[in-house]
Amino acid sequence: MASNIVAKADFTFGAAFSVHELNLSTGSGARAISGIHRHFGLTAAELSGTEGSFAEYKNLEPGIYQVNVWLESQERNVGSRDVLYALNQSDVVQIADTTSLIGQNSGTLYETTPPFTEVVEVPYGELAIVLVNESTSTGTTIAHVTELQRIGDLPYPVPILYSNQPDNFLGSAGYNEPYGWANTGTGDRAASSLNSFMGFSDPVVQQGAQDAEGWLLPTNGSVIQYNVAPGVYKIVWELVSSDSELTRDGFFIWNGTELKVGGRRSLCTTQVTSTRFSSGRITSEISVTGTLAFIPVDTETTTGTTEFRLHRLEKIGDIEGMVIFPAHYRLMSHPLNLATTALNSYRHSELNLTNTQTIPQPEPYLLESWGQWWWPGYNWRWHHMNPDGQDDSTLNEERQDFSWPTAWNNSEFKTEFLNLASDAGLKTLAIFNYSPTPGSSSNSTDEFLAFQVIRGLYRLAGVVGEQNNINPSPILDQLIPTANAGLTQFFTEIVTNNPATIAAIAHVFSRMSEGYLPPVFLDSTNYTELYQRWTQSWGLD
């Protein structure tokens, strides 16, 4: 059963008393509106007034809440009113005001309003009730809030709210409750230092980013980082600047994958002090694939300070098409490409054999020819450096609980694997000069033979990768020739027994490109070996 919690305020400010009911006043003890703005991170455009009081309720169960209140007031002037609001960390909702008392008996007597009832959403577990003088501080109003209770569930899933306090920062940055901030003022750093802090080997920050207004090219700035799970996020942010030139300064967003312009000084059109202008709170949605960072930067000159403020960081959903084990997903093509490239190069360059492929001239028979399929896995596995040159431990973290069955339960991962295996299988048939044209049918025996082709490619990638920087000399002279001899014998025996089997194997690979995963791949012995060979292909340190 719902209970009335109005007398259980967690924090009060100004002329606020929470005993049997909540009383808020604009009279003696009320505080300047600037203090209220500062506490909630609001601007005058979002909450107007001259002074007021409030009470905060925290650790509430998200849901729909009912507020009952009546007002007594001396405020009767036309063009002036006192207003009671509810702040739910998302919206400023008006509950009641003194408009109905305008023009009534003058003097210092208090007049009362009829009771008001308002329903308010509390999505984030916190609610504030605020009473303010809107335009003057003459006349006192007292709000008698008699009831605050939960009456139902939200009509949407409860949001996942992250703390605004940064997990890491560099330069002039930190946390000023209730928002995280970073600016271009004293203590900011050169763009190259920001780039190093982000773990980039390429000059990602220095190169800047482009939007509709052109390129934003930084000289210096600061950064705040948030370690969040991949997904779609709603962010509420604000830009405050004292730079006199509208075309200078702005901030970048790094979403784990790319650097984008988040906003510019030109958005700051609301004057908040004699020298500072604010964009007001702006809500954006972004897809995040890794560590999230906000980077306010100076451009051209270092005059004036521009500050980014993060007021809310909320996960609202998953990225459509988001894959499980993203590091493994990114390296999935590498063992198959390494093996087929090596075999094709050997057969053309060393054995002078032709094949049925309509592909460009094969790569020379050199270790460097397939190095692009080896280095990324080696660097990521042993040196925590992802293919973008960033310090990244994701691959090793994923290795702790990676499994093919789990990966194949993810539609994106499964589709990518099937497409890659299908392509590599058909390419291997062509490399060995067999037609990759699919037959009309296949059976479980054909599926096992198709699996053996893929397993052979993984085995070759494994032994090449393992020796590549430890003892590379046998790779060209022994390992690749041995793999070629084994697959040559494998296909020769198949054709000797039944020439039509090649077309049946091609049929299996064709079905795989259409989303079919043969049951033989789900045998634990088989998929365990595939993963063992895959990790082996990343080499030894």
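Helices, here, are DSSP runs of H or I with at least four residues, and strands are runs of E with at least two, both numbered from the N terminus. On that basis the protein chain has 13 helices and 29 strands.

Two remarks on the source. This is a predicted model, in which local features need pLDDT of at least 70 and side-chain atom pairs count only at pLDDT 80 or more, while totals for chains, interfaces and linings use all residues. Residues are numbered from 1 along each chain as its sequence is written, and side-chain values use heavy atoms, with hydrogens and water left out.

I begin with the overall dimensions. The radius of gyration, taken over C-alpha atoms, is 33 Å for the protein chain, whereas a compact globule of 541 residues would have one near 24 Å; the globule rule is 2.2 Å times the number of residues to the power 0.38. Along the principal axes, the C-alpha atoms fill a box of roughly 110 × 60 × 35 Å. Of the 541 residues, 51% count as buried, that is, under 20% relative accessible area with a 1.4 Å probe and protein chains only; exposed means over 50%, and partly exposed lies in between.

Next, the interior. A nonpolar core is a set of buried Ala, Val, Leu, Ile, Met, Phe, Trp, Tyr and Cys residues joined through side-chain atoms within 4.5 Å. The largest such core has 60 residues, and Trp404, Phe417, Ile480, Phe491, Phe521 and Trp534 have the most contacts inside it. Helix H10, residues 444-467, gives the most to this core, with ten residues. Apart from it lies another core, of 24 residues, including Ala55 and Tyr57.

Contact means heavy atoms within 4.5 Å. Not counting residues up to four places away in sequence, Phe417 touches Met332, Trp404, Trp408, Tyr458, Leu517 and Phe521.

Now to helix H6, residues 375-383. Which of its residues are buried? They are Pro376, Gly377, Tyr378, Asn379, Trp380 and Arg381. Their cover includes helices H4, H5 and H7. After H6 comes His384, with a positive phi near 55°.

Finally, Thr289, in the loop between strands E27 and E28. Why does Thr289 count as partly exposed? Because its relative accessibility is 34%. Beyond its neighbours within four places in sequence, Thr289 is in contact with Pro230, Asn255, Gly256, Thr257 and Ile319.
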